Amino acid sequence: MTWRVPWCDRDEVALADSWRRAQPFPHVVVDDVLADDGFDALFEILEDEPVERYVADLYAFDATAREPTTAAFVELRAELGRVLAPALARVTGRHVTRADLRAYAYRAGDHLLPHTDHQDELARVLAYAYYLPSPEPPQGGELELFAGYASARVIEPRANRIAIFEVSDASLHQVREVMAGTRLSLAGWFYA
Amino acid sequence: MIAIGSRTATLVDGVALPGFAVPPLVRFPAIDDGAYSWGDVADLAVLAPLVAHVDRDDPRRRVVRARVVALEPGDYILAHHDPLADASDADDDLPLELVLDLSPAASPGAELYYRRRGAAFFAVPATPGTLAIVERGPAITANHSYLSKRHRGARVVRLIARLTSAR
């Protein structure tokens, strides 16, 4: 399993411009992240990683633990940072060096209510969600970005798409409730 | 029933409040705290039948504030937000909270959870006529669970009253 930068140098200038202009806060959405032959190896790694149920006032979903348990998942996380952090730094103008990574499954009724990811004690700079192919593609489960408290952008969880946005006190967002099917994703943050 | 985490956490089934009219409701705007409608109860005296359910030895029988909250599908109230909070709460030591479910029908999965330092210790079902009597305090929070949009037409209505000792 090998990550790749899903854009070429020529696209990078346009992508950086898109990042700066994006509303309600800086973000980009990129499709066709992995080549078609990359999924088998990726799912092989994911299948070995334990998944638990997480429910709180803010969320309900299945996910892997904060710290991966298998060597392959640890390497998947490390390589994501090695490959994507330099490219994301060029696009966003933000210094990022490493990523964390968890796998998520949102089933019918699951959700993540409006919140920001900013915490003073953490050095989260960029948040990302990469959507995986699902045997039962989800209805709902969109990533919704808010301008203040008003809905401003709705991003469909399309397979092989990555959504990346700036972490700040202003970056209020949610994962809308999944109404049917299963929303599979890898998500986390890039750190300074 | 006494739940771990609070000296008082009790459910009473089949409680009615005859003559009580839900006040006009307005929408709460801050979605990072909650999505719900609310309205203040002006005449606190009408809540006397609820106070009658408080243990007779408990001195906290004075209703200082009461509010109705209503949740539609997609609504919620997060634990860090207290829909009854008031600046005067700093003077309340360990107030008692009464919650009467006024919903038109039960909504499974739409429980009200009381939490001590984040950990849920007491669940109140969204069942009409259920009265919860719970001691609040600095370490106690509560969240009204997300009401799934898959439950079309569902509506959870709760009357929340806060009681202190008479002064």
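This is a predicted model: local features need pLDDT of at least 70, side-chain atom pairs count only at pLDDT 80 or more; totals for chains, interfaces and linings use all residues.
Trainee: Let's start with chain B. What pattern does chain B follow along the sequence?

Mentor: Helices (H or I, at least four residues) and strands (E, at least two) are DSSP runs, numbered from the N terminus. Chain B comes to one helix and 12 strands. Read along the sequence, the pattern is β-β-β-β-α-β-β-β-β-β-β-β-β.

Trainee: What is the radius of gyration of chain B?

Mentor: The radius of gyration is taken over C-alpha atoms, and the globule rule is 2.2 Å times the number of residues to the power 0.38. For 167 residues that rule gives 15 Å, and chain B is close to it, so chain B is as compact as a globular protein of that length. Its radius of gyration is 15 Å.

Trainee: And how does chain A look: how many helices and strands are there, and what is its radius of gyration?

Mentor: The secondary structure of chain A comes to three helices and 14 strands. Its C-alpha trace spans about 35 × 35 × 35 Å along the principal axes. A compact globule with 192 residues would have a radius of gyration near 16 Å, and chain A agrees, at 16 Å.

Trainee: What percentage of the residues of chain A count as buried?

Mentor: A residue is buried if 20 or more other C-beta atoms lie within 10 Å of its own, exposed if 12 or fewer, and partly exposed in between, with C-beta atoms placed from the backbone. In chain B, buried residues make up 34% of the 167 residues. For the 192 residues of chain A, the figure is 35%.

Trainee: Which residues have the most contacts inside the largest nonpolar core?

Mentor: A nonpolar core is a set of buried Ala, Val, Leu, Ile, Met, Phe, Trp, Tyr and Cys residues joined through C-beta atoms within 7 Å. Two residues are in contact if their C-beta atoms, placed from the backbone, lie within 7 Å. Not counting residues up to four places away in sequence, A:Phe190 touches A:Ala85, A:Leu88, A:Val96, A:Ala99, A:Val125, A:Leu126 and A:Tyr128. The largest core has 81 residues, and those with the most contacts inside it are A:Leu88, A:Leu126, A:Tyr128, A:Phe190, B:Leu98 and B:Ala161.

Trainee: How many residues does the contact between the chains take from chain B and from chain A?

Mentor: Here Ala, Val, Leu, Ile, Met, Phe, Trp, Tyr, Cys and Pro count as nonpolar, Asp, Glu, Lys and Arg as charged, and the others, Gly among them, as polar. The contact takes 12 residues from chain B and 12 residues from chain A. By class, the side of chain B has seven nonpolar, two polar and three charged residues. So to your question: 12 from chain B and 12 from chain A.

Trainee: Back in chain B, is B:Ala66 buried or exposed?

Mentor: B:Ala66 is found in strand S5 (residues 60-71) of chain B. Leaving aside neighbours within four places in sequence, its contacts are B:Val41, B:Leu44, B:Leu47, B:Leu159, B:Ile160 and B:Ala161. With 22 C-beta neighbours inside 10 Å, B:Ala66 counts as buried.

Trainee: And B:Ala45, is that buried or exposed?

Mentor: B:Ala45 is in the loop between strand S4 (37-40) and helix H1 (48-51) of chain B. Its C-alpha is 8.2 Å from that of B:Val63, 18 residues apart in sequence. With 8 C-beta neighbours inside 10 Å, B:Ala45 counts as exposed.

Trainee: What is phi of B:Arg117 near?

Mentor: B:Arg117 is in the loop between strand S8 (112-116) and strand S9 (119-124) of chain B. With 9 C-beta neighbours inside 10 Å, B:Arg117 counts as exposed. Its phi is a positive value in a residue other than glycine, near 50°.

Trainee: Last one: which peptide bond is cis, with omega near 10°?

Mentor: Look in the loop between H1 and strand S1 (27-30) of chain A, where A:Pro24 lies. The cis bond runs from A:Gln23 to A:Pro24.

Conventions:
Residues are numbered from 1 along each chain as its sequence is written. Chains are lettered from A and ligands numbered from 1 in the order in which they are written.
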